[in-house]
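Reader: I'd like to learn how to read this model, starting with the ligand site. Can you walk me through it?

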Amino acid sequence: MIFDVNNETLPRETLETLQLRRLQATVSRCYETVKFYREAMDELEIKPHHIQSLADVKLLPFTKKEQLRDNYPYGMFAVPPDQVARLHASSGTSGKPVVVGHTQRDLANWGAMGARCLAAAGLQPGDRLHNAYGYGLFTGGLGLHGAAESLGMTVIPMSGGQTQKQVMLLTDLAPTAMSCTPSYALNIAEEAEKLGVDIRKLPLRVGLFGAEPWTEEMRYELESRMGIDALDIYGLTELMGPGVGIECLESKKGLHIWEDHFLVECVDIDTGEPLPPGEKGEIVITSLTREAFPMLRFRTRDISVLDTAPCKCGRTHVRMRRVTGRTDDMLIIRGVNVFPTQVEAILMRTETLSPFYQIEVFREGFMDSLRINVEASPPLYAKGQQYMDHVSAKVQKDIKDFIGISCEVRIHPTGSVERSMGKAVRVLDHRKEKKN
Ligand code: DLL
């Protein structure tokens, strides 16, 4: 089902005319109301009237996460405080977070985009969503909650954690959809198996998984273990939250980004120059309708590829391929760029391993080294050390062949790698510890 057929299937020309009108309005408002944007544009000698076409977006300055932090907490707001209906904050691991505001209309738009996402996943009123994203400043919980309500579904606001209870409610309340990070879904699936519950036999039919990078191999794992369609949903606090884009059930190939609300670019990571569709780069997003916290050319640090090919679902909005990683999660090991998702893909293709893993990075002298900790499946573990050494040598070779780096692969017993409740911590970088 298409939730908002008029807007989701707009002919490209009409969509682009709408985008230009909204871009011009956003740029004017940013210039007039947010000191940071006015100064950044003045520095480049760009005025709002210079934006005459969508391609002119490249004249505008980028906005980086550090700059949002520098304007903590309210420096980037474009409306007076009495118009802000809700605040969220980005999950910063260190220092101050980025505080983001939403007006009532921003929340309504967010809900409507969320409803589009759920409908694209084949859901409708009468369906039930078990929402296991965390509620709070993180946008996952309340974002999916608003989406389900806007579509007219029943929402079960479970939040993250209490994994046994998750399994009980998935069984007893019979939801048809669930939402959480893919790594937490795996944790829930494992818990269900331990408790003797076969999720495949429940009415659950679709999972909305996002908030962290994951792979096709992980999709296969989740779909086969849970008997569901696992779809990738994308979003970020600075732009709104979950629901900036989603894969449609029809193609499961790339996430439609709601282009009537967001202008999406893909740029060269080093030079910032716009790249044509099909080329891999950093995703940059400009908001087109946000009132409280408009955003010009936000450098998401997410790496992906834009795909303008028509989609069989009938939606005309551009697709972004799976995010393969973030520029700041990229490990550079002896000159080779490595993303955790590349390691994940190889581990998950190795049948005798369990899909729980963590990567450690060390510095020995001037050399960086990598250790991958992964769990044996119970049958492999039962076979003993010699078999595990054999598998570990095979995985080391695969990593050397496919990624180009030598590393150590340690296989541990089931349950030794930390389980995720939300965004999984994939990398433990001990190099940083030394520096501090
Ligand atoms: O993670 C919002 C969200 C909640 C999205 C629930 C989807 C589902 P932040 O905490 O601000 O917001 O983190 C945003 O998470 O820049 C990406 O690096 C990553 N991310 C989000 N969705 C995906 C995805 C939420 N589907 C950051 N695939 C983003 C890969 C994702 N990475």
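Author: Start with the polar contact: a pair of N or O atoms within 3.5 Å; within protein, one must be able to donate a hydrogen and the other to accept it, and residues adjacent in sequence count only if both atoms are side-chain atoms. Here, a polar side-chain atom of lysine 423 sits 2.9 Å from an oxygen atom of the ligand. For arginine 326, the distance from a polar side-chain atom to a ligand oxygen is 2.7 Å, and for an N or O atom in the side chain of aspartate 302 it is 2.6 Å.

Reader: How much of the ligand does the protein bury?

Author: Areas here come from the Shrake-Rupley method with a 1.4 Å probe, and for residues only the protein chains shown count as cover. Alone, the ligand exposes 610 Å², and the protein buries 96% of that.

Reader: Before we go on, what kind of model is this?

Author: This is a predicted model: local features need pLDDT of at least 70, side-chain atom pairs count only at pLDDT 80 or more, and totals for chains, interfaces and linings use all residues. Numbering runs from 1 along each chain as its sequence is written, and side-chain values use heavy atoms, with hydrogens and water left out.

Reader: Okay, which residues around the ligand come nearest?

Author: A residue is near a molecule or strand if one of its heavy atoms lies within 4 Å of it. There are 20 residues around the ligand, and Asp232, Ile233, Thr237, Asp302 and Arg326 come nearest. By class, that shell has 9 nonpolar, 6 polar and 5 charged residues. Nonpolar covers Ala, Val, Leu, Ile, Met, Phe, Trp, Tyr, Cys and Pro; charged is Asp, Glu, Lys and Arg; the others, Gly among them, are polar.

Reader: Which element gives the largest share of the shell?

Author: Helices (H or I, at least four residues) and strands (E, at least two) are DSSP runs, numbered from the N terminus. E7 gives the largest share, 5 residues.

Reader: Now the sheet: how should I read strand order?

Author: Strands of a sheet pair through backbone hydrogen bonds, either parallel or antiparallel. Two strands count as paired if DSSP finds at least two bridges between them. In this case 4 strands form an open sheet, ordered E19-E18-E17-E20, with mixed pairing. Strands E19 (408-412) and E20 (427-429) are the edges, each pairing on one side only. E17 (residues 353-364) and E20 run parallel, joined by 3 bridges; glutamate 360 has leucine 428 in E20 as its bridge partner.

Reader: And where is there a cis peptide bond?

Author: That one joins tyrosine 72 and proline 73, with omega about -10°. Proline 73 lies in the loop between helix H4 (65-70) and strand E1 (86-89).
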